[in-house]
Amino acid sequence: MSRIAYVAGQYLPHSQASVHIEDRGYQFADGVYEVVAVSGGRRIDDDLHFERLERSLGALDIPMPMSRRALAVVMDQVLRLNRVRDGIIYLQVTRGQAPRDHAWSGPSSPVLTVTARRQSPPDEALASQGVAVITLKDQRWKRNDIKSVNLLANIMAKYKARAEGAYEAWLIDDDDLITEGTSTTAWIVSSDGQLITRPLDEAILGGVTRAALIHIARAAGMEVEERPFSRTEALAAREAFLTSTSAYVLAIVSIDGQKIGDGTPGPVTLNLLDRYRRHVSGNDFSG
Ligand code: PDD
């Protein structure tokens, strides 16, 4: 079965799915994207993804290519054509095609592309084993709240992490505070048991999984502190973990080669993973 993509109004086999060489996404990374998880054919937390997409586009003065409702129809159609029930949807909106010039003029005609693929969340072995992260200087621009397709600093850092045998790199700002992972949100359970993640600001992407997990944790009576934390605090933490649409909740058992807690996934992390899985499978009645 050939994979089908939606490209600017058409459903096409991947081999024919292309955008113009003068698309500003290609020329300038002038565009944004979303990754939406799909479980049992259901789009997970799609309202949060739509909100973030609208915020990202608004910050760049790119219009929404179509209404949320029409976008949902396209996404479902791409899922159906590719027979994806569990996996991810990738959607990208660029400012569109124009002769190359830094400044843009006139109204843009944004170009929307949507693809889907089967993908499983991290398997039980990885979830129960946990992963290693390294820390690196955060070399990204200063508007990481926008889900821009310009991911150069992210991919360089992820590449370095993988080359060093780590799953992810946690990025550190000029004040020695952890911002986030290259494609994931950073969390710790501090040495005195507080569940902590950095507050939303322009230094990080407002993760949809982050928002859902804060809600889930609070609904379960857990306190979540949204405050910055440093590398030193992370190294002394009882537990550390990361979250994202595709990784769910994944325990971190070492940072820069130093063991976190006893070097195995901690109880708070595993409890949150369990609750998040129930949320994704639609069996979470706490919200
Ligand atoms: N990454 N921080 C960054 C820099 C990210 O790129 C992502 C998402 C997250 C987590 O956000 P969410 O919970 O909404 O997935 C945090 C996506 C999955 C990606 O680039 O593939």
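A word on the model first. This is a predicted model, in which local features need pLDDT of at least 70 and side-chain atom pairs count only at pLDDT 80 or more, while totals for chains, interfaces and linings use all residues. Residues are numbered from 1 along each chain as its sequence is written, and side-chain values use heavy atoms, with hydrogens and water left out.

The protein chain is split into domain 1 (4–118) and domain 2 (124–281), with bounds from an automatic or database domain assignment. Their C-alpha centres are 26 Å apart. In contact, meaning heavy atoms within 4.5 Å, are 20 residues of domain 1 and 19 residues of domain 2.

The two domains bury about 1600 Å² between them, with 64% given by carbon and sulfur atoms. Buried area here is the accessible area (1.4 Å probe) that two parts lose on being put together, summed over both. On the domain 1 side, Tyr33, Asp45 and Arg52 supply 34% of the area buried against domain 2, more than any other three residues.

Polar contacts do turn up: six residue pairs, both at pLDDT 80 or more, cross the interface. A polar contact is a pair of N or O atoms within 3.5 Å; within protein, one must be able to donate a hydrogen and the other to accept it, and residues adjacent in sequence count only if both atoms are side-chain atoms.

Now, the ligand. Of the 18 residues around the ligand, Tyr33, Glu180, Val208, Thr209 and Thr245 come nearest, and "around" means a heavy atom within 4 Å. An N or O atom in the Arg52 side chain is 2.8 Å from a ligand oxygen atom. As for ligand nitrogen, one such atom is 3.5 Å from an N or O atom in the side chain of Lys147, and a nitrogen atom is 3.2 Å from a polar backbone atom of Ser183.

Back to salt bridges, to finish. The whole structure has 22 of them. One joins the side chains of Asp76 and Arg43, at 2.9 Å from N to O. Thanks, everyone!

Technical notes: Salt bridge = Lys/Arg side-chain N within 4 Å of Asp/Glu carboxyl O.
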